[in-house]
Amino acid sequence: MAALMIIYMNITDDSWMESYFAEVPKLLAEYGAETIAGSRHIMRIEGAMPEPDRMAVLRFPSIDAIERFMADERYQPWRQERQRGAAAEIFVFDNAVKRGELA
């Protein structure tokens with residue numbers, strides 16, 4: 001079952017971003033990840049949660065693929081760079097909704 005990764009990020013130092021986004025998508029592709037959406041132009045329409053600087057949505061073939069990507073030794077240096085330059089909240093879930101349905 002397909003799984004989604006939702007990323008909320010507040011960037012404190014963007015010096016890591018150019019090299020991260022040049023290299024990490026290649027590794028994501030190895031795990032079947034597809035970028036669905038991403039932006040630094042966030043607009044709140046409801047709620048009081050802190051507003052992030054950047055959001056992204058990725059689709060993976062499964063939760064297992066996400067876990068393997070996050071644990072991949074090749075990703076760890078990039079993960080550490082991202083963690084040094086940004087605070088992130090990352091959520092994952094199985095996509096149990098069929099097209100056109102509401103959960």
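What does the accessible surface of the protein chain come to, and what share belongs to carbon and sulfur atoms? The surface is about 7,100 Å², and 53% of that surface belongs to carbon and sulfur atoms. Accessible areas come from the Shrake-Rupley method with a 1.4 Å probe; for residues, only the protein chains shown count as cover.

## Basis

This is a predicted model: local features need pLDDT of at least 70, side-chain atom pairs count only at pLDDT 80 or more, and totals for chains, interfaces and linings use all residues. Residues are numbered from 1 along each chain as its sequence is written, and side-chain values use heavy atoms, with hydrogens and water left out.

## Overall fold

The protein chain has 3 helices and 4 strands. These are DSSP runs, numbered from the N terminus: helices are H or I, at least four residues, and strands are E, at least two. Their order along the sequence is β-α-β-β-α-α-β. The radius of gyration is 14 Å, close to the 13 Å that the globule rule gives for 103 residues, so the chain is as compact as a globular protein of that length. That radius is taken over C-alpha atoms; the rule is 2.2 Å times the number of residues to the power 0.38.

The C-alpha atoms fill a box of roughly 40 × 35 × 15 Å along the principal axes. Of the contacts with a separation of 6 or more, 77% link residues 24 or more positions apart. Contact means heavy atoms within 4.5 Å.

## Nonpolar core

Buried residues make up 28% of the 103. Buried means under 20% relative accessible area, exposed over 50%, partly exposed in between (1.4 Å probe, protein chains only). The largest nonpolar core has 22 residues. Such a core is a set of buried Ala, Val, Leu, Ile, Met, Phe, Trp, Tyr and Cys residues joined through side-chain atoms within 4.5 Å.

M5, L28, L58, F60, F69 and Y75 have the most contacts inside this core. At least two core residues come from each of β1 (3-11), α1, β3 (54-60) and α2 (63-71). Beyond four places in sequence, M5 touches several residues, including A56, L58, F60, I66 and F91.

## Salt bridges

There are 7 salt bridges, each a side-chain nitrogen of Lys or Arg within 4 Å of a carboxyl oxygen of Asp or Glu. R74 pairs with D72 at 2.8 Å, N to O. R74 is partly exposed at 45%, whereas D72 is buried at 9%. Shared partners join E30, D72 and R74 into one network.

E23 bridges to K26 at 3.3 Å; both lie in helix α1 (residues 17-30), 3 residues apart.
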